[in-house]
Amino acid sequence: MTLTTKNIDELIKLCKARNQFAQLEIYNRYYKTMYNVAYRIVKDSFEAEDIMQDAFLTAFTKLDSLKDSVTFGSWLKRIVINNSIYRFNKNNKYQNVPFEHVIHKVEDDNQGITSDYSSTNEKAILVLNTLNELKDNYRIALTLHLIEGYDYEEIGDILNLSYANCRTTISRAKESLRQKLKPIVND
């Protein structure tokens, strides 16, 4: 049985035994997703790459603290999000990089799909570009909520907000996004 056919439990056990091929297999399974998560927060391709690499190093060195190997993906994503927010807050000298780069990366990943997604991609690019125009705290909160699927409580923990403040921030962010999209959609 090759490593590509092993489930995550088996790979985690091999990683704990310092098997570098198992680490590479896990990296290959998760790196695109983790890059996209970091990129959506920091808006810088090189910074996102760096954050992703650091997250994998952290994860592999702290595997013994992982209680359930089934949750490895969400555990790794949490590391990426925390590192991304930390770096974003630490450095406010990021350029506005269009989200089209992320969409093109996703398109590259889906090369075998033959259906026509041009209309859907145009809408997604429009929404993501508009999301990019929001204030940073709105953009990050909506990214975590709508794209990454975190609930209010988890976002509050990540952003150090109370539950009520988190709900208010996301509500205001959604309304701001609606207002920015309204003239574009009505054209």
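Reader: In this predicted model, which residue does R178 meet in a salt bridge?

Author: In helix α9, which covers residues 163-186, the two partners are 3 residues apart, and are therefore separated by about one helical turn. The side chains meet with N to O at 2.9 Å, and the partner of R178 is E175.

Reader: Is R139, which meets D136 in a salt bridge, buried or exposed?

Author: D136 and R139 lie 3 residues apart in helix α7 (residues 136-147), so about one helical turn separates them, and their side chains come to 3.6 Å, N to O. D136 is partly exposed, its relative accessible area being 33%. For R139 the relative accessibility is 0%, and because buried means under 20%, R139 counts as buried.

Reader: How far apart are the closest N and O atoms of R29 and E25?

Author: Both residues belong to helix α2 (residues 20-42), where they are 4 residues apart and so separated by about one helical turn. R29 counts as partly exposed at 32% relative accessibility, whereas E25, at 11%, counts as buried. They form a salt bridge in which the closest N and O atoms are apart by 2.9 Å.

Reader: Which residues of α8 are exposed on the side other than that of its buried residues?

Author: The buried residues of α8 are Y152, I155, G156 and I158. Seen down the helix axis, these buried residues fall within an arc of 165°, so they line one face of α8. On the other side of α8, the exposed residues are E153 and D157.

Conventions: Residues numbered from 1 in each chain as written. Predicted model: local features only at pLDDT ≥ 70, side-chain atom pairs only at ≥ 80, totals over all residues. Heavy atoms only, no water. Buried < 20%, exposed > 50% of the residue type's maximum accessible area, 1.4 Å probe, protein only. Helix = DSSP H or I, 4+ residues; strand = E, 2+ residues; numbered from the N terminus. Arc of directions from axis to C-beta. Salt bridge = Lys/Arg side-chain N within 4 Å of Asp/Glu carboxyl O.
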